[in-house]
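I opened the model to go through its helix packing and its charged pairs. My notes follow in the order I looked things up.

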Amino acid sequence: MYKLSFTLLAIATLSACNTAPPTQLTHIDSATIPVVANVKSSVKPAEMAALHQENKQIIDNLTLSLKSEYLLDVKPAEIFDAHSQAHQVYMSLSKLDQFRMVNNFYFKEHNFAGLQQVNTSLKPLLRG
């Protein structure tokens, strides 16, 4: 009986650890935050603001989606368990916050090329 209980416990533990993160989390975690030097450009402020807002909207939508889909009934211990889905979601949310900070920085610095690169990095995440 002891061997059977131990075997079932081992199988349950291994199957819980082997759950792959959802594709969207994998895509977010593998996305590269672009580093772009500021180059003088003749882009209108309205164009720059529109691109910044589009990037912000993508980040906000992804953040809301992750929170509502994966974090409704999370226990605090799950956040710190590196094998839990909640932990993986929080890592993805951290990555999205980095995108948010870079997007805001490029907007403040009037770096249109940087905003374009952020947009290019974010758009594929919508399909993920």
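I began with what covers the buried residues of α2; the cover includes α3, α5 and α6. Contact here means heavy atoms within 4.5 Å. Helices (H or I, at least four residues) and strands (E, at least two) are DSSP runs, numbered from the N terminus.

This is a predicted model, so I noted the limits: local features need pLDDT of at least 70, side-chain atom pairs count only at pLDDT 80 or more, and totals for chains, interfaces and linings use all residues. Residues are numbered from 1 along each chain as its sequence is written, and side-chain values use heavy atoms, with hydrogens and water left out.

**Helix α2.** I looked up which residues are buried in α2 and found Gln24, Leu25 and Ile28. They sit on the same side of α2, because they cover an arc of only 100° around the axis. That arc is taken from the directions from the helix axis to the C-beta atoms. Buried means under 20% relative accessible area, exposed over 50%, and partly exposed in between (1.4 Å probe, protein chains only).

**Helix α6.** I checked the length next. The 16 residues of α6 (residues 112-127) should span 22 Å at 1.5 Å a residue, and the end C-alpha atoms are 24 Å apart, which agrees. The expected span is 1.5 Å times one less than the number of residues. I listed the buried residues of α6, among them Phe112, Leu115, Val118 and Leu122. The buried residues of α6 pack against α2 (23-30), α3 (45-70) and α5 (85-108). At the start of α6, I found a side-chain oxygen of asparagine 111 within 3.4 Å of the backbone nitrogen of alanine 113.

**Helix α5, asparagine 103.** Is asparagine 103 buried or exposed? I read 1% relative accessibility, so asparagine 103 counts as buried. Asparagine 103 is in helix α5. Leaving out residues up to four places away in sequence, asparagine 103 touches His52, Asn55, Lys56, Leu115 and Val118.

**Aromatic rings.** I found one aromatic pair in the structure. Phenylalanine 105 and tyrosine 106 form this pair, which is tilted, at 6.0 Å centre to centre and 55° between the planes. Rings of Phe, Tyr and Trp (its six-membered ring) pair if their centres lie within 6.5 Å; planes under 30 degrees apart count as stacked, over 60 as edge-to-face and the rest as tilted. Phenylalanine 105 is partly exposed at 47% relative accessible area, whereas tyrosine 106 is buried at 5%.

**Salt bridges.** My rule was a side-chain nitrogen of Lys or Arg within 4 Å of a carboxyl oxygen of Asp or Glu. The count comes to four salt bridges.

I took lysine 123 with glutamate 54, where the closest N and O atoms are 3.1 Å apart. Lysine 123 lies in α6 and glutamate 54 in α3, so the pair ties together parts that are 69 residues apart in sequence. Lysine 123 is partly exposed at 36%, and glutamate 54 is partly exposed at 31%.

Lysine 56 meets aspartate 60 at 2.8 Å, N to O. Both lie in α3, four residues apart, about one turn of the helix.

Arginine 100 meets aspartate 97 at 3.5 Å, N to O. The two are three residues apart in α5, about one helical turn.

Which residues are linked in a network of salt bridges? I wrote down Lys56, Asp60, Asp97 and Arg100.

Notes:
Polar contact = N/O pair within 3.5 Å; in protein donor to acceptor, adjacent residues only side chain to side chain.
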